Amino acid sequence: GRLLFTTAYTWAKSIDNKSAAAGIGGADTGWQGFIDNHNTQLDHARSDFDVDHRLVSSFVYDLPFGRGGKYATNLNRAADALIGGWQLNGIVTFQRGFPYSIYAQDLGGLLDNYENRASLVGNPTSGFHQSIAQWFNTAAFAQPPGGVIGTSGRNILRAPGINNWDMSLFKNFEFREGMRLQMRLESFNAFNHTQWGGPDHFITDPQFGQITGARDGRINQLGLKFLF
C-alpha cells in the first residue's frame with residue numbers, strides 16, 4: 001500500500017490593542033471598543049484570535065490488498081472488486097483554545113462603556129478543581145465600584161482547545177483508465193470527543209465560569225463520487 005503523511009505545527013503569538021474595528025465586535029463580547037479611550041495600553045494583550053499551539057496531521061493510506069497491492073494480488077476481478085481498492089484517510093487537529101477576558105458591569109454607565117472588566121482579587125488558575133462547572137476560579141474576580149476600571153487584564157484566560165479526528169474510508173472501483181467510481185464513508189469528529197465551548201465570562205451571570213455548550217459531536221455521511 002501507499003502511505004502519504006503530512007504534519008504541520010504552529011507556535012505563534014498575536015498581540016494587539018483590539019482585534020476588530022469598534023462596533024463590529026468579535027467572538028468575545030460583541031464590542032471591540034477600548035476599555036479606556038485615553039489609555040489604550042490597558043487593552044494591549046493577546047488577540048482574540050491568538051492560538052499559540054496548533055498541530056495538524058493528515059494521512060492517506062491505500063490499503064495493500066488486491067491487484068496492484070502487496071497482498072492478494074492474484075484475485076479475479078469479482079474478488080478484487082470486494083477486497084481491493086480500499087483507502088483510509090484522516091485529519092487530526094490539536095489546538096489550544098482562544099483567549100478571553102472577564103467582564104463586569106459598568107455601574108451607572110459612569111465609564112460610558114459597553115462593559116467593564118472585572119477586578120482581579122485572587123489567582124484565577126489555582127485554588128479550585130477545574131471542570132465544566134467551574135472552568136476558572138470565579139472567586140478570583142470581583143465587580144469594580146462605579147466609575148472604576150477593573151484591574152484584570154484583557155484576554156488573560158483561555159477557553160478549551162480542540163482535540164479532533166476526522167476520518168474517512170473510500171472504496172474505489174476502476175472501470176477503465178481514467179474512470180473511477182468512489183464510495184465514501186466520512187466521519188467528522190470520528191471518536192465523538194467532546195469539543196467544549198468557552199465558559200461564561202460575565203461576572204453578573206448566574207452561570208459565571210460554567211461551560212454550557214459544545215461543538216458538534218460525531219457527524220457521519222455517505223457519498224458517491226465519479227472521477228474521470
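Predicted model: local features only at pLDDT ≥ 70, side-chain atom pairs only at ≥ 80, totals over all residues.
Colleague: What is the mean pLDDT of the protein?

Modeller: The mean is 89. Of the residues, 91% reach 70 or more.

Colleague: Where is confidence lowest, and where is it highest?

Modeller: Helix α1, residues 77–83, is lowest, at a mean of 71. Strand β10, residues 141–142, is highest, at 98.

Colleague: Now the sheet. How do I read the strand order?

Modeller: Start with the general idea. Strands of a sheet pair through backbone hydrogen bonds, and the pairing is either parallel or antiparallel. Here six strands form an open sheet, in the order β1-β4-β5-β12-β13-β14. The pairing is antiparallel.

Colleague: Which strands stand at the edges?

Modeller: β1 (2–11) and β14 (219–227) do. Each has a single partner strand, so one side of each lacks a neighbour in the sheet. From one strand to the next, the twist averages 10°.

Colleague: How many bridges join β1 to β4?

Modeller: Ten, and the two strands run antiparallel. Strand β4 covers residues 53–62.

Colleague: On to charges. How many salt bridges does a search of the whole structure find?

Modeller: Again, the general idea comes before the case. Side chains of opposite charge can pair when their charged atoms come close. The search finds eight salt bridges.

Colleague: What does the pair Asp 16 and Arg 154 tie together?

Modeller: The N to O distance in this salt bridge is 2.9 Å. Asp 16 lies in strand β2 (residues 15–16), and Arg 154 in the loop between β10 and β11 (157–158), so the pair ties together parts 138 residues apart in sequence.

Colleague: Is Asp 16 buried or exposed?

Modeller: Buried means under 20% relative accessible area. Asp 16 has 16% relative accessibility, so it counts as buried. Arg 154 is buried too, with a relative accessible area of 7%.

Colleague: Where do Asp 52 and Arg 158 lie?

Modeller: Their side chains meet in a salt bridge at 3.7 Å, N to O. Asp 52 is in the loop between β3 (45–46) and β4, while Arg 158 is in strand β11. The two are 106 residues apart. Asp 52 counts as buried at 12% relative accessibility. Arg 158 counts as buried at 12%.

Colleague: Which residues do salt bridges that share partners join into one network?

Modeller: Asp 50, Asp 52, Arg 96 and Arg 158.

Colleague: What about Arg 184 and Glu 186?

Modeller: Their side chains form a salt bridge at 2.9 Å, N to O. Arg 184 and Glu 186 are both buried.

Key:
Residues numbered from 1 in each chain as written. Heavy atoms only, no water. pLDDT = per-residue confidence, 0-100. Helix = DSSP H or I, 4+ residues; strand = E, 2+ residues; numbered from the N terminus. Pairing = 2+ DSSP bridges. Axes fitted to C-alpha atoms, helices over the stretch in contact; angles between N-to-C directions. Salt bridge = Lys/Arg side-chain N within 4 Å of Asp/Glu carboxyl O. Buried < 20%, exposed > 50% of the residue type's maximum accessible area, 1.4 Å probe, protein only.
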